[in-house]
Amino acid sequence: MIEHPISLFLDEILEHMKEYQDEIENAQTLFENVFKYSQAKSSKSRSRQALILKQYGGEKELRKVCLNCCNKLNRIKKSISESNQKLEELLTHKTLKCYTCRGQGSFTKPLYVRERGSLRQSTIQVVDCPECDGRGKVSFNINLESEVIIKQFFEFVKYFDSIFDCTITCMRNLIKALGGDNA
Ligand SMILES: [Zn+2]
């Protein structure tokens, strides 16, 4: 059975969400460590500062790890919203780029003629794609129940997006707190 195109896009979004979950765990650890580090700094405890920095290599490195995390979150957020946009477009137009002709609508094939017993390529022939009748896209059906579920999914992604913004802002503030303003 061929998988419904919509489910492929849903899978894509779910995959990005999983990536996000992994990265958010990383961010939580960073939040915790930066907080502990700033406390150790204000109480002037060199040993506690060193203990936290040990796993990163130094303050500069810790800041770099935070910056990387922030960039990664931004990247995942972008991927999710791009997949979401594609999905929304699919739902609106209920068409999909034809996989057979990759959206071109036609194929070119060499045309041969027989000349003195041997075949010679004479020209290139353009033929319409049989899958999409030359349209370059195919229509698909989606039942009402699935449509309702997918619309709920959009709502979920929107909610997810706001958590993203919040986490990225927190991360940027952390980086600033670590001494630097180009976050
Ligand atoms: Zn086609």
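This passage describes the fold of one predicted protein chain, from its overall layout down to single residues.

The structure is a predicted model, in which local features need pLDDT of at least 70, side-chain atom pairs count only at pLDDT 80 or more, and totals for chains, interfaces and linings use all residues. Residues are numbered from 1 along each chain as its sequence is written. The mean pLDDT of the chain (pLDDT is the predictor's confidence in each residue, from 0 to 100) is 85, and 95% of the residues reach 70 or more. Within the chain, confidence is highest in helix H2 (residues 46-54), at a mean of 94, and lowest in H4, at 82.

The chain contains four helices and four strands; helices (H or I, at least four residues) and strands (E, at least two) are DSSP runs, numbered from the N terminus. Along the sequence these elements follow the pattern α-α-α-β-β-β-β-α. The radius of gyration is 27 Å, well over the 16 Å that the globule rule gives for 183 residues, so the chain is more spread out than a compact globule. Here the radius of gyration is taken over C-alpha atoms, and the globule rule is 2.2 Å times the number of residues to the power 0.38. Taken along the principal axes, the C-alpha atoms fill a box of roughly 95 × 50 × 30 Å.

The domain assignment, whose bounds come from an automatic or database source, gives domain 1 (1-94 + 154-183) and domain 2 (98-139). The C-alpha centres of domain 1 and domain 2 lie 47 Å apart. Of the 183 residues, 15% count as buried. A residue is buried if 20 or more other C-beta atoms lie within 10 Å of its own, exposed if 12 or fewer, and partly exposed in between, with C-beta atoms placed from the backbone. Among contacts in the chain with a separation of 6 or more, 71% are between residues 24 or more positions apart; two residues are in contact if their C-beta atoms, placed from the backbone, lie within 7 Å.

In sequence Leu90 and Ile6 are 84 residues apart, yet their C-alpha atoms are 7.6 Å apart in space.

E2 (106-115) and E3 (residues 118-128) run antiparallel and are joined by 10 bridges; two strands pair if DSSP finds at least two bridges between them. Leu111 stands opposite Thr123 in E3. Both strands are hardly covered: the count of buried residues is zero among the 10 residues of E2 and likewise zero among the 11 residues of E3. The hairpin of E2 and E3 has two residues between the strands. Arg116 counts as exposed, with 5 C-beta neighbours inside 10 Å.

Lys44, in the loop between H1 and H2, is not a glycine either, but has a positive phi of about 55°. Lys44 is exposed, with 8 other C-beta atoms within 10 Å. Arg102 lies in the loop between strand E1 (95-97) and strand E2, and is exposed, with 10 other C-beta atoms within 10 Å. The C-alpha atoms of Arg102 and Asn68 are separated by 36 Å, the two residues being 34 apart along the chain.
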